[in-house]
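Colleague: Please take one part of this model and look at it closely. I would like the pairings, the ring contacts and the charges in one connected account.

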Amino acid sequence: MSEKPKDTYFSKVDVAEALKFLKDSVTGKAQVYVWTKGHRNSFYSKITAISIPTQTLYLDSPVDLDLKAFVAHLKSNGNMDCYFNIVLTRGSVFFATFFKGHDVGGLRFQFPEALYKVQRREAVRVPIPLSVPVLLEFTDPLYTETRLERRAADLSAHGMSFVGREADRAAFIPGTTLKGAVLRLKNREIYLEAQIRNVRTFIDGKKKGIKVGLRFEKIRPADVQLISSVVFELSRRGTSR
């Protein structure tokens, strides 16, 4: 875990605030999303207790979690690193730490070395590399019997954009809602609606096209948390502590 997120997207919190976030997650029974590298394993849980003397976080063990497979996957990565997202009323935090084991008290994780709080700037989006396909399928705004699919050029917890042809501009009018949308990422499908917020001219070399900015609507909080975790993971690439 020798990486940290870019400050553009996340800000590091001090030790006192980090401890308060962890304590508040226990008393507030906040939902915690935990995942491993590449989102090959993930689950939702709650932090039930923290032990300052042993620097340990205790989590409920979900009934549908295959512990044997989970541990085997971590070992196949060559480490026990896991990533966390906790959503509280006063903010959303991310951190990386490692799995220590499990007992009757639940799953045990090491206290994180650092916590990062999401900066409240919804317009900030992380570029999506070609190696990470994030696809949005939706009903054609002009021909409702047709389904379209577009690859995300960038992504945030609350929206995305995609690039299209100049000839398609008439189909994407700001204020229009794309119905029946399905966002596919990390082998998951997220059902939502997406409102067109803006359409800008996009020039790639000699080609002129459009870039369509979308805002997600009618999306479950758990799905926002999943998208946020992907943004966090992508923002960590190519940076070092």
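This is a predicted model: local features need pLDDT of at least 70, side-chain atom pairs count only at pLDDT 80 or more; totals for chains, interfaces and linings use all residues.

Take the strand pairing. Asn 85 has Phe 94 as its bridge partner in S7. The link from S6 to S7 is a hairpin of two residues.

S7 also pairs with S8, residues 106-110. The two run antiparallel, and four bridges join them. Asp 103 is bridged to Gly 106 in S8. Here too a hairpin makes the link, passing from S7 to S8 through two residues.

Then there is S9, residues 116-118, which pairs with S7 in the antiparallel sense over two bridges. Phe 94 turns up again here, with Tyr 116 as its bridge partner in S9.

Now the rings. The structure holds 14 aromatic pairs. One of them joins Phe 70 and Phe 99. Their centres are 5.4 Å apart, the planes stand at 80°, and the pair is edge-to-face. Phe 70 sits in helix H2, residues 67-76, and Phe 99 in strand S7, so this contact ties together parts that are 29 residues apart in sequence. Both rings, Phe 70 and Phe 99, are buried.

Phe 84 and Phe 109 make another edge-to-face pair, at 5.0 Å centre to centre and 85° between the planes. Phe 84 belongs to S6 and Phe 109 to S8, so the pair ties together parts that are 25 residues apart in sequence. Phe 84 is buried, at 0% relative accessible area. Phe 109 is buried as well, at 0%.

Ring pairs link Phe 94 with Tyr 33, Trp 35, Tyr 44, Tyr 83 and Phe 232 in a cluster.

Next, the charges. The structure holds 12 salt bridges. One of them joins Arg 147 to Glu 137, with the closest N and O atoms 3.0 Å apart. Arg 147 lies in S12 and Glu 137 in S11, residues 135-139, so the pair ties together parts that are 10 residues apart in sequence. Arg 147 is partly exposed at 36% relative accessibility, whereas Glu 137 is buried at 18%.

Glu 149 meets Arg 184 in a salt bridge, 3.7 Å from N to O. Glu 149 is in S12 and Arg 184 in S14, residues 177-185, so parts that are 35 residues apart in sequence are tied together. Glu 149 is partly exposed at 41%, and Arg 184 is partly exposed at 25%. Arg 184 also forms a salt bridge with Glu 189, at 3.0 Å from N to O. Glu 189 counts as partly exposed, at 41% relative accessibility. Through shared partners, salt bridges join Glu 137, Arg 147, Glu 149, Arg 184 and Glu 189 into one network.

Arg 150 is buried yet has no salt bridge. The nearest side chain of opposite charge is Asp 168, 4.1 Å away.

Definitions and conventions: Residues are numbered from 1 along each chain as its sequence is written. Side-chain values use heavy atoms; hydrogens and water are left out. Two strands pair if DSSP finds at least two bridges between them. Rings of Phe, Tyr and Trp (its six-membered ring) pair if their centres lie within 6.5 Å; planes under 30 degrees apart count as stacked, over 60 as edge-to-face and the rest as tilted. Buried means under 20% relative accessible area, exposed over 50%, partly exposed in between (1.4 Å probe, protein chains only). Lys and Arg count as positive and Asp and Glu as negative; His and the chain ends are not counted. A salt bridge is a side-chain nitrogen of Lys or Arg within 4 Å of a carboxyl oxygen of Asp or Glu.
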